[in-house]
Amino acid sequence: MDFKSIIDLISRSNINQEAMYELVSEASSLDLNDEENLRSIIRKGCGLANRSLSVEQEDRIVKLLKDKGITPDLFKLLKK
């Protein structure tokens, strides 16, 4: 897992760090192999960043996370 990239993304997105830590805490207690849990965390993260995702974008993020985990490909997708 590339924590430096995650921290860089959070700082560039001007996300409330306390809310992000709460989301990370919630995510750590969930089974992220369950697609609904994963989608819920993705949606909450987008809400924190004041960004929206199309269904297609969310599907691509879910597929990337399930297939490869957190990789540079994920960050390339998020920067678009």
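**Close-up views of a predicted model**

**View 1. The side chains of E58 and R39 are joined by a polar contact of 2.7 Å.** A polar contact is a pair of N or O atoms within 3.5 Å; within protein, one must be able to donate a hydrogen and the other to accept it, and residues adjacent in sequence count only if both atoms are side-chain atoms. The model is predicted: local features need pLDDT of at least 70, side-chain atom pairs count only at pLDDT 80 or more, and totals for chains, interfaces and linings use all residues. Residues are numbered from 1 along each chain as its sequence is written, and side-chain values use heavy atoms, with hydrogens and water left out. E58 belongs to helix 4 (helices, H or I, at least four residues, and strands, E, at least two, are DSSP runs numbered from the N terminus). E58 is buried, at 9% relative accessible area (buried is under 20%, exposed over 50%, partly exposed in between; 1.4 Å probe, protein chains only). Leaving out residues up to four places away in sequence, E58 touches R39, I42, R43 and L53 (contact: heavy atoms within 4.5 Å).

**View 2. The largest nonpolar core has eight residues: L38, I42, C46, I61, V62, L64, L74 and L77.** Such a core is a set of buried Ala, Val, Leu, Ile, Met, Phe, Trp, Tyr and Cys residues joined through side-chain atoms within 4.5 Å. Helix 3 (35-48), helix 4 (55-68) and helix 5 (72-79) each give two or more residues to this core. Another core, of six residues, lies apart from it and includes I15, L23, A27 and A49.

**View 3. N50 lies in the loop between helix 3 and helix 4.** Although N50 is not a glycine, its phi is positive, about 55°. N50 is exposed, with a relative accessible area of 72%.
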